[in-house]
Structure formats: C-alpha cells, structure tokens
Amino acid sequence: MITTDVLIIGAGPTGLFAVQQLGLIGLKAEVVDNLDKVGGQCSELYPDKPIYDIPAIPECTGETLTKKLVKQIEPFNTNFHLGERVEQLAKKETKWIITTNKKKVFIASSIIIAGGVGSFESRKFPLKEAEKFENNGVFYSIKDKKYFDKKKICIFGGGDSALDWSIELSKNSKIVLVHRRLEFRGTPRNIEIIKKLEKNGKIQIETPYQINSIEGDDKIKAITIKDDEGKIKKIDTDYILGFFGLIMKLGPIAEWGLNLDKKHIPVNTESFQTNKEGIFAIGDICTYPGKLKLILSGFHEGALAARECFKLARPNEKYKFEYTTTSKNIHERLGKKYI
Amino acid sequence: MAKITYIEHTNKEHTVEVPNNMSVMEGAVQNNIPGIDADCGGSVACATCHVYVDKKWFNKLKKKDESEEDMLDMAYQPNKFSRLSCQLIVSDELDGLILKMPPKQG
C-alpha cells in the first residue's frame with residue numbers, strides 16, 4: 001500500500017508538470033500510466049513532430065518536451081508506476097483508495113486525472129469471436145515467444161511490429177502475414193527481409209486481405225480472410241496475432257461515477273475539480289466552456305488543481321502563495337541554494 | 001461552403017453546411033455529429049475520424065498521401081472507400097458530399 005498526497009493518472013506533459021506544481025508547494029505525488037514510458041501522446045503519437053506553441057520554447061519535439069519536463073521534476077524524486085492501469089476506486093473517510101490492474105493500492109487525499117483521451121490500449125480485431133479467443137489463440141502482444149514455437153501462426157498488420165514478429169517467429173513456426181493492402185509501412189530493411197523469407201517459403205504473404213471470421217470451438221482451428229472484392233480464403237491456424245497500433249480508451253475511469261461529456265470529464269475552472277471532491281481532471285481529458293486542447297492549457301490547469309489538492313492534503317495548514325524567485329521553502333524543495 | 005451528409009452506421013443521416021477550408025472531421029465535431037472521435041485532433045495520428053466515402057464521390061477527392069494510407073492500416077474495418085476525414089478539406093467542389101461512418105472508431 002502506498003500513501004501519498006496526490007495520485008496522478010497519466011504521465012503525459014500535463015501529468016508531469018502537475019508533479020512539479022505539487023512539488024513546489026510541498027506535496028508528494030505518485031504517477032501511474034498504462035504506457036511503459038513517460039510522455040503520453042508526446043511520446044506515443046508524435047515523438048518526432050515539432051511543437052511550436054510551448055511558451056518560451058520556439059520549437060521542440062514531443063520527445064524533447066518530455067525529457068525537459070522529466071528533468072524539471074527531478075528534485076521531487078517521483079515514483080512512476082508505468083505499464084499499469086488504475087482500475088478500482090473506493091473512498092475511506094476523507095481518502096481515496098485506488099487499485100491498479102497489478103493490484104497495487106494507493107491511498108491519497110486527491111487524484112488528478114491527466115489521462116489525455118484515455119489510456120493507450122492495443123487495437124483489436126473487429127470480430128466478436130476475437131473477444132472469445134483473446135489470450136487463448138488471439139493475441140495483441142507477445143510476452144513469451146516460446147509459446148509460439150512450432151505452431152501455425154497468422155500475423156495481421158503492416159507496420160514494424162507485425163514485420164518484426166513475423167521475422168522472429170518464422171525461425172520456428174509457419175507464418176502467414178496478412179495485411180489490408182499491398183504495401184507494408186515497415187522499414188525498408190524489414191520489408192526486404194520479409195520478401196526474402198517469402199521467397200524461401202518461410203513466410204506466406206496474403207495481401208490485400210483482412211480478417212473475416214474465426215473458426216473453432218475451444219481452440220482456433222482456422223480463419224477466413226477477405227479482400228475488398230469479397231474474395232474469401234481459408235487458412236488453417238493455431239494462433240492469430242494482431243498488430244494494429246494503439247488506441248486511447250477511457251477504460252475503468254468511466255465507471256467511477258464522474259460526470260462525463262462524451263469522452264471528457266467536466267470540471268470547474270477554479271480548481272479543475274470534477275463532480276467528486278478530491279478528484280481533479282486536467283489536460284485533454286477535461287472539459288469546460290472555452291476549453292482548448294493545448295499542452296499549455298494543461299499546465300495552467302495543473303497549477304490550479306495543485307492548490308486545491310493542498311487544502312485536502314493539509315486541512316490544518318493555510319496555503320501561502322509564494323514565488324519560485326523568492327521563496328526559501330521552494331528553493332529548499334528544489335534543492336537550490338537560497339540567495 | 002459545402003453541404004455534407006454524414007450517415008451513422010445505423011443509417012441515421014445528418015446533413016450540415018460546412019465552411020470552406022475546414023476539414024470534414026471538424027464539420028462533424030463542431031456539429032456534434034456522433035461517429036467521429038478525432039482523438040488526436042487532426043494530426044493524422046489516431047485513425048479515429050475514419051469514414052467511408054460514397055463511391056460516386058471517392059474519385060473526386062484529392063488523393064490520399066502516404067501518412068493517411070499508413071494510418072488507415074489502424075482504422076476499424078477499413079475498405080477501399082476509406083478516408084480519414086481530418087484530411088478532407090472542404091471547398092465548394094465538395095457540395096453534396098456523402099460519407100458513412102463505421103460502427104466504431106476502434
């Protein structure tokens with residue numbers, strides 16, 4: 001069980017800066033994110049694309065921005081719980097108790113949801129049967145490649161995840177690589193290797209096809225694939241793997257009893273508190289009249305939410321507004337010499 | 001300005017006027033038309049504004065570039081009439097455009 005002042009959900013730029021704003025006023029935060037790295041959309045969706053509207057930074061990439069934010073919160077020695085998703089929420093007296101999918105339990109006086117448009121999850125096959133066979137024949141990631149040894153495997157997708165795993169698993173198994181169009185979008189090197197493996201009979205390529213059905217009772221026996229003209233092919237297979245990238249889903253937060261407006265959480269603009277006391281929403285996930293989905297707005301929202309978190313974490317203390325330029329307390333928290 | 005008809009997968013139709021230079025995605029979002037999520041806000045990074053363009057219209061549109069085609073690999077049940085609506089920019093020529101939304105965006 002981990003006790004903290006604030007649990008931040010989401011390690012994107014907004015969540016990272018909220019750590020800093022909380023740290024400056026003396027509050028401790030723990031951060032949970034479903035991705036296995038910090039940065040949120042900045043790292044996952046556009047690491048190399050330039051951003052031009054961060055104040056005082058004329059141009060930087062998502063990756064650089066993330067690195068700078070991580071550097072900025074170094075003095076606070078924050079714990080990150082990556083590759084973990086918050087699931088259950090309960091209230092005990094004035095504290096919130098949050099449990100993750102890995103059964104880690106946090107106790108906090110406030111929760112700041114800085115979850116972007118939700119947590120990143122694998123995109124799945126658009127078939128009902130795929131749900132039934134998930135983790136029993138249908139997979140979207142590989143934890144132990146030995147599990148796939150000497151099997152018949154169909155891999156779907158056109159990017160490097162699909163190509164990498166086709167190449168790797170073709171060493172010990174029969175691979176059929178299925179993609180919705182003729183071109184693959186992987187690196188030229190991967191595409192070259194795949195073509196070579198096809199020539200040597202190690203990989204069978206089926207394009208332009210998409211999944212049409214899955215056959216089998218307790219185990220997958222075969223699948224059918226279909227092209228745009230409706231032509232159908234049957235393939236005997238043990239396992240199917242889908243690599244269609246990630247999509248953002250609100251996930252279990254949607255069940256927490258928060259007011260929702262489509263996929264967004266309405267907040268008040270004084271403190272960015274939701275309809276539940278002690279639960280805040282900042283960044284792309286929150287909504288209010290005039291909301292702009294900009295990183296800079298997320299920074300502002302975090303700064304205000306942090307002040308309200310202080311009242312809940314230290315009900316017997318009075319919050320005192322201080323500037324980083326002149327506050328001895330803040331300098332101490334930052335590990336700087338007070339001049 | 002173009003009149004655009006967005007058809008939900010249930011066949012419910014929404015016809016709205018969308019100003020020039022706005023994207024077809026923005027036209028849907030600003031008019032609260034369900035079925036287009038546009039998670040990334042139009043930066044060709046999420047494939048959640050996927051639409052099927054009416055086949056009479058498909059060839060009249062500006063061709064897809066590579067980034068859009070790559071992103072469509074991630075879309076929910078794409079077909080040969082699939083486009084990302086954030087990449088379709090409204091002009092007078094698009095007056096009467098008809099699109100259908102997939103049952104889900106992912």
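Colleague: Over how many bridges do β7(A) and strand β8 of chain A pair?
Modeller: In this predicted model, the strand β8 covers residues 105-113 of chain A, and its pairing with β7(A) is antiparallel. Within that pairing, A:I97 stands opposite A:I107 of β8(A). The number of bridges between β7(A) and β8(A) is four.

Colleague: Which residue in the turn of the hairpin formed by β7(A) and β8(A) has a positive phi?
Modeller: Most residues other than glycine have a negative phi. The hairpin of β7(A) and β8(A) has four residues between its strands. In that turn, the residue with a positive phi, of about 65°, is A:K103.

Colleague: Which residue takes a positive phi in the hairpin of β6(A) and β7(A)?
Modeller: Strand β6 of chain A, residues 86-92, is joined to β7(A) by six bridges, and the two run antiparallel. Across this pairing, A:L89 stands opposite A:I98. Two residues lie between the strands of the hairpin, and the one with a positive phi near 50° is A:E93.

Colleague: Which side chains of strand β7 of chain A point to one face and are buried?
Modeller: Along residues 95-100 the side chains alternate between two faces.

Colleague: What is the bridge partner of A:K226 in β16(A)?
Modeller: Strand β15 of chain A, residues 222-226, runs antiparallel to β16(A) and is joined to it by five bridges. The partner of A:K226 in β16(A) is A:I232.

Colleague: Why do the buried residues of helix α3 of chain A lie on the same side of the helix?
Modeller: The helix spans residues 62-72, and its buried residues are A:G62, A:L65, A:T66 and A:L69. They lie on the same side of α3(A) because the arc they cover around the axis is only 100°.

Colleague: What covers the buried residues of α3(A)?
Modeller: Both helices and strands of chain A take part in the cover. Among these elements are α1 (13-24), α2 (41-44), β3 (50-51) and β4 (60-61).

Colleague: Where is A:P208 found, the residue at the end of the cis peptide bond from A:T207?
Modeller: Most peptide bonds are trans. The bond from A:T207 to A:P208 is cis, with omega near -10°. A:P208 is found in the loop between β13 (203-206) and β14 (210-215) of chain A.

Colleague: Is B:N21 buried or exposed?
Modeller: B:N21 lies in the loop between β2 (13-18) and α1 (24-30) of chain B, and its phi is positive, about 75°, although it is not a glycine. Because 9 other C-beta atoms lie within 10 Å, B:N21 is exposed.

Colleague: How many other C-beta atoms lie within 10 Å of B:V44?
Modeller: B:V44 is placed in the loop between α1 and β3 (50-53) of chain B, with a positive phi near 50°. B:V44 is partly exposed, and the number of other C-beta atoms within 10 Å is 19.

Colleague: How many residues of the side of chain A that touches chain B are nonpolar?
Modeller: On chain A, 15 residues are in contact with 15 residues of chain B. The residues on this side of chain A include three polar and five charged, and the nonpolar ones number seven.

Key:
Residues are numbered from 1 along each chain as its sequence is written. Chains are lettered from A and ligands numbered from 1 in the order in which they are written. This is a predicted model: local features need pLDDT of at least 70, side-chain atom pairs count only at pLDDT 80 or more; totals for chains, interfaces and linings use all residues. Two residues are in contact if their C-beta atoms, placed from the backbone, lie within 7 Å. Ala, Val, Leu, Ile, Met, Phe, Trp, Tyr, Cys and Pro count as nonpolar, Asp, Glu, Lys and Arg as charged, and the others, Gly among them, as polar. A residue is buried if 20 or more other C-beta atoms lie within 10 Å of its own, exposed if 12 or fewer, and partly exposed in between; C-beta atoms are placed from the backbone. The arc is that of the directions from the helix axis to the C-beta atoms. Two strands pair if DSSP finds at least two bridges between them.
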